[in-house]
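Please keep the sequence and the model at hand while reading.

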Amino acid sequence: MCKSLGIEVKIVPQNNSSLKEDEVVLIYNRVPKTGSTSFAGIAYDLCTINKFHVIHVNISKNQRVLGLSDQMRFIKNITGWMEKKPALYHGHISFIDFSRFGVQKLPIYINMVREPLDRLISYYYFVRFGDDFRPTLRRKKSWDNESFDECVARDGKDCDPENLWVQIPYFCGHHADCWEPGSSWALEEAKRNLLHHYLLVGITEELRDFIAILEATLPRFFKGATRLYAEGHKSHLRKTAKKIPAKSQTIEKIQMSQIWRMENEFYEFALDHFHYIKHQMFENLNGELLVRDGKFMFEKLRPKVSTPDLEN
């Protein structure tokens, strides 16, 4: 039931019936090194219990964008593959606006972001030393023992601030300017997409709360996720094997970059919005999140006829 597959799958004609809970499609276009493996691990553990499908989207040569024809085929596949609904698709792919392709039943987007410099440092050491998820796998920079501080001091390519330009383009999408480091248009487009196209964007540093909100909002998929996370088996599924904290002068040098300031602005924007959503949904009681009482009801229904039970 839970599958991993490439983008080439059989196209099935779309079903035009009204959207039901069992026809929901979630897309988690996961940003690298934001805790996505831990979150995906929870989904894989829940999919059999909660009866949904988890499908990994593997894009050739680790590209983050698709050509226009591939976008169309991708959209037809995941919207028309009725046998695999409900489904959670996840993979390193930038945002696609399904409405541009005439799709009426839009998928639900979710994602996570991480403090940008912390994400870059984690990735820098990950490609050198790997992690505890697949400790025997030899990484592409395994021969390089240079620290992040040393790299920044000599203005090395691997630690160039342009490498911070990741989270904004993932949310911005497939437009050429999205992948232009320092594009102010891309920053604003990423913000707009986060607000208008994403159900929820969590924060890596607050993964537990992200999971709790999803369980309360989408129990069809995430019922039991908070308990599973609390047990500890999935809370830190992937941890970089060796990561040296950056020195203050290194941090100051990186933060002088316009690209860092823009990525940090996007991160702070996502953080504020996530906190707003969390505050609206939960009360914090001694470190435990309690769902607030419902704030709406249905009344004065006319004409007075019997109606089916409404969902709480």
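Helices (H or I, at least four residues) and strands (E, at least two) are DSSP runs, numbered from the N terminus.

## Basis of the report

The model is predicted, so local features need pLDDT of at least 70 and side-chain atom pairs count only at pLDDT 80 or more, while totals for chains, interfaces and linings use all residues. Residues are numbered from 1 along each chain as its sequence is written, and side-chain values use heavy atoms, with hydrogens and water left out.

Strand 2 covers residues 25-28. Val25 and Ile27 point one way from this strand, Leu26 and Tyr28 point the other way, and all are buried; buried means under 20% relative accessible area, exposed over 50%, and partly exposed in between (1.4 Å probe, protein chains only). In a regular strand the side chains alternate between the two faces of the sheet.

Two strands pair if DSSP finds at least two bridges between them. Strand 2 runs parallel to strand 4 (residues 87-90), with four bridges joining them, and Ile27 has Tyr89 as its bridge partner in strand 4. Strand 2 also runs parallel to strand 5 (residues 108-113), here with three bridges. The bridge partner of Leu26 in strand 5 is Ile108.

## Nonpolar core

A nonpolar core is a set of buried Ala, Val, Leu, Ile, Met, Phe, Trp, Tyr and Cys residues joined through side-chain atoms within 4.5 Å. The largest one has 85 residues, and those with the most contacts inside it are Phe39, Ile96, Phe98, Phe148, Phe171 and Phe222. Helix 11 (residues 258-281) gives the most to this core, with ten residues. In soluble globular proteins, nonpolar side chains tend to be buried together.

Leaving aside its neighbours within four places in sequence, Phe222 is in contact (heavy atoms within 4.5 Å) with Leu26, Phe39, Leu46, Asn50, Ile110, Leu214 and Glu215.

## Disulfides

The structure holds two disulfides, a disulfide being a pair of cysteine sulfur atoms within 2.5 Å. One joins Cys151 to Cys159, with an S to S distance of 2.2 Å. Cys151 and Cys159 are buried. The torsion about their S-S bond is about -95 degrees, so this disulfide is left-handed.

Cys172 and Cys178 form a disulfide with their sulfur atoms 2.0 Å apart, and both residues are buried. The disulfide of Cys172 and Cys178 is left-handed because the torsion about the S-S bond is about -65 degrees.

## Salt bridges

There are 13 salt bridges in the structure; a salt bridge is a side-chain nitrogen of Lys or Arg within 4 Å of a carboxyl oxygen of Asp or Glu. In one of them, Asp22 pairs with Arg220, the closest N and O atoms being 2.8 Å apart. Asp22 lies in the loop between strand 1 (3-6) and strand 2, and Arg220 lies in helix 8 (residues 219-222), so the pair ties together parts that are 198 residues apart in sequence. Asp22 counts as partly exposed because its relative accessibility is 43%, whereas Arg220 is buried at 18%.

Arg128 and Asp158 also meet in a salt bridge (2.6 Å, N to O). Arg128 is in helix 3 (residues 116-129) and Asp158 in the loop between helix 4 (148-153) and helix 5 (167-172), so this pair ties together parts that are 30 residues apart in sequence. Arg128 is buried, with a relative accessible area of 3%, while Asp158 is partly exposed at 26%. Arg208 forms a salt bridge with Asp209, the closest N and O atoms being 3.0 Å apart. Salt bridges that share partners join Glu206, Arg208, Asp209 and Lys278 into one network.

## Backbone details

The peptide bond from Lys85 to Pro86 is cis, with omega near -5 degrees; Pro86 lies in the loop between helix 2 (68-80) and strand 4. The bond from Arg302 to Pro303 is cis, with omega near -5 degrees, and Pro303 lies in the segment after strand 8 (288-291).

Lys51 has phi near 60 degrees, a positive value in a residue other than glycine. This residue, Lys51, lies in the loop between helix 1 (36-50) and strand 3 (53-58) and is exposed, with a relative accessible area of 56%. Asp155 has a positive phi near 60 degrees. Asp155 is in the loop between helix 4 and helix 5 and counts as exposed at 57% relative accessibility.
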